[in-house]
Amino acid sequence: MLSPDTTQNGGTDQRTVRFRGGGFAPKSILWIGPVLFAVILVVWEVGTRLGLISTLTLPHPTDVLGTFADLWRTGLLWEHLLPSISRFLVGSAMGCTAGIAIGILIGLFSHVRAGLVPVVAAIFPIPKIALLPLFIIWFGIGEGSKYALIALGTFTPMVVATYGAVDNVDRTLIRMGQSFSLSWASIVWKIVLPGAMPGIFSGLRVSLAIGIILLVAAEMLGARHGVGAYILEAGSLYDLERLFAGVIILSVLGVTVSFLLGQVERRVLKWRA
Amino acid sequence: MDLLLQNISHHYGALEVMRDINLEIPAGRIVSIIGPSGCGKSTLLRFIGGLERPTSGQIVQVGEPPAGSLNPLTYVFQDFALLPWRTVEGNISLVLEDHGLNGAKSENIIADVLARTKLSDFRKALPKQLSGGMKQRVAIARALAVNPAVMLMDEPLSALDSQTRELLMDDLIALWARERFTAVYVTHNLQEAVRLGHVIVVLSRRPGTIREIVEIDRPLDERQMGDADLEKVQKQLWTLMREEAAAADQELIHA
């Protein structure tokens with residue numbers, strides 16, 4: 001292209017270089033999400049009003065909103081939501097705490113790793129819901145079996161995420177700690193744990209989502225109150241408005257959990273580039 | 001405190017990586033160790049500081065480390081090894097906390113080493129906010145904080161661009177002029193070796209042995225960039241290393 005002949009006589013055969021970079025760099029475009037959400041709602045509302053979508057398959061969004069307002073007014077919302085939230089908090093707190101603790105032990109001690117990694121691998125693929133009848137026998141039909149189910153469900157992914165995170169802590173930082181004669185406890189507490197935090201947080205995201213799924217499953221199989229029970233009851237009565245209201249509550253619960261976790265993560269992992 | 005390396009040999013399984021290395025590291029001097037890649041210079045440095053054990057031979061401390069030395073053998077790493085979640089001062093206090101130094105005492109040391117490395121304005125900065133040169137300054141400040149008897153420097157300038165490297169070399173020379181610290185300075189960069197080393201130890205390729213020990217008499221603070229005598233030494237070292245380096249390069253390709 002730059003041979004002397006063509007460059008010397010100026011005007012002939014000049015072209016600007018075609019741009020072929022760019023892309024592959026996700027940008028945050030804040031307005032698209034809400035707009036798409038609104039468009040879906042409008043299409044849904046208009047579709048059901050015009051009869052394009054049968055109300056047997058989908059309720060009117062405005063009716064769902066009405067049902068939700070009723071729930072709020074009668075106080076029924078809290079009667080279902082509070083037990084759910086407390087089950088979710090207690091169960092996942094137990095599961096995640098134990099999971100992080102065991103994960104750290106696996107990460108630190110080869111003997112624990114050799115013993116427990118196969119055990120965790122064996123528990124992980126069991127659909128935890130299948131164990132609910134067993135838990136009901138062990139812990140009773142009350143809250144105990146629900147806590148146990150959620151705890152076990154959040155435990156295994158947390159273990160796997162945590163020991164992976166500990167394994168991924170930069171070894172040069174650990175060597176550095178040793179080279180300054182830091183105690184073993186200092187190395188674990190000041191280098192390994194903070195270094196594992198990013199991995200632990202991504203484990204929490206997965207585990208808490210699983211926690212919500214199991215919460216609903218547990219409440220569907222044996223509870224009078226709770227969002228899961230509410231949805232199941234609405235489903236058996238073919239009350240689509242209430243069913244959708246319940247599903248929206250779950251959705252909001254999930255978004256809230258993820259938002260709160262994101263806030264904590266932003267504080268704790270401020271140091272990340 | 002002097003250090004003596006006695007008959008250091010090392011194997012990884014059947015692979016002999018180091019053979020019978022004897023070396024004296026006298027107090028108050030900088031010993032540069034150079035050699036082709038894979039000759040085990042960094043491994044040797046890890047032996048000296050007790051982070052790894054040689055198959056045979058030993059490292060001997062002659063005399064006591066100076067009073068008040070918290071960590072006699074202290075490393076400066078190539079990749080800085082700063083905790084990204086701690087600020088500049090937090091990274092330095094990390095190595096003091098374990099010696100029971102807190103509050104005012106630790107505060108004095110931190111202020112002192114930050115002043116000596118010209119970092120006082122950056123106390124609260126996180127590592128991600130600092131350039132490579134600044135990060136290595138923090139790592140040097142951290143090393144100074146424990147008042148080492150010997151600094152073990154593992155390619156401390158290799159991750160930096162050449163201009164920053166010049167600046168940091170000047171800083172190290174100024175620092176040495178004031179403190180007369182002892183150091184083992186591992187590098188693959190001949191220019192750094194002749195600027196900073198009182199003694200230059202040339203290692204052969206694997207299995208690493210000492211090929212040559214070159215002393216440079218000229219005082220550190222009189223050595224300049226582009227100094228004719230230093231260039232001569234550098235050239236002499238390069239002739240020594242050239243074939244080895246080429247052979248080591250081939251070895252890596254066949255490995």
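Author: Let's begin with handedness: a crossing is left-handed if the near helix is turned anticlockwise from the far one by less than a right angle, and right-handed if clockwise. Helices here are DSSP runs of H or I with at least four residues, strands are runs of E with at least two, and both are numbered from the N terminus. With that, α4(A) passes α5(A) in a left-handed crossing.

Reader: Before we go on, what kind of model is this, and how are residues and chains labelled?

Author: This is a predicted model, in which local features need pLDDT of at least 70, side-chain atom pairs count only at pLDDT 80 or more, and totals for chains, interfaces and linings use all residues. Residues are numbered from 1 along each chain as its sequence is written, while chains are lettered from A and ligands numbered from 1 in the order in which they are written.

Reader: Back to the helices, then. At what angle do α4 and α5 of chain A pack?

Author: The general idea is that two packed helices are described by the angle between their axes and the distance between the axes. Axes are lines fitted to C-alpha atoms, for helices over the stretch in contact, and angles run from 0 to 180 degrees between N-to-C directions. In this case, α4 (residues 76-108) and α5 (residues 110-123) of chain A pack at about 130°, with axes 6 Å apart. That makes α4(A) oblique to α5(A); angles under 35 degrees count as roughly parallel, over 145 as roughly antiparallel, 65 to 115 as roughly perpendicular and the rest as oblique.

Reader: Which residues meet there?

Author: Two residues are in contact if their C-beta atoms, placed from the backbone, lie within 7 Å. From α4(A) come A:Ile102, A:Leu105 and A:Ile106, and they meet A:Val112, A:Arg113, A:Leu116 and A:Val117 of α5(A). By class, that contact has six nonpolar residues, no polar and one charged. Here Ala, Val, Leu, Ile, Met, Phe, Trp, Tyr, Cys and Pro count as nonpolar, Asp, Glu, Lys and Arg as charged, and the others, Gly among them, as polar.

Reader: How do α9 and α10 of chain A cross?

Author: The axes of α9 (residues 184-222) and α10 (residues 227-236) of chain A come within 7 Å and cross at roughly 60°. These two helices are therefore oblique to each other, and their crossing is right-handed. On the α9(A) side, the contact includes A:Leu215 and A:Met220, and on the α10(A) side, A:Val227 and A:Leu232. Its residues comprise eight nonpolar, one polar and one charged.

Reader: Now the two chains. How many residues does each give to the contact?

Author: Chain A gives 16 residues and chain B gives 17. On the chain A side, α8 (171-179) and α9 each supply at least two residues, and α8(A) gives the most, with six. The chain A side divides into eight nonpolar, six polar and two charged residues.

Reader: What is chain B built from?

Author: Chain B has seven helices and nine strands. Its radius of gyration is 18 Å, close to the 18 Å that the globule rule gives for 255 residues, so chain B is as compact as a globular protein of that length. The radius is taken over C-alpha atoms, and the rule is 2.2 Å times the number of residues to the power 0.38.

Reader: Is B:Val113 buried or exposed?

Author: A residue is buried if 20 or more other C-beta atoms, placed from the backbone, lie within 10 Å of its own, exposed if 12 or fewer, and partly exposed in between. B:Val113, in helix α3 of chain B, has 22 within that distance and is buried. Leaving out residues up to four places away in sequence, B:Val113 touches B:Ile92, B:Ala141, B:Leu144 and B:Ala145.

Reader: And which residues have a positive phi without being glycine?

Author: Among them are B:Ala81, at about 50°, and B:Lys118, at about 60°. B:Ala81 lies in the loop between β5 (73-76) and α2 (88-97) of chain B and counts as buried, with 24 C-beta neighbours. B:Lys118 sits in the loop between α3 (103-116) and α4 (132-145) of chain B, and with 12 neighbours B:Lys118 counts as exposed.
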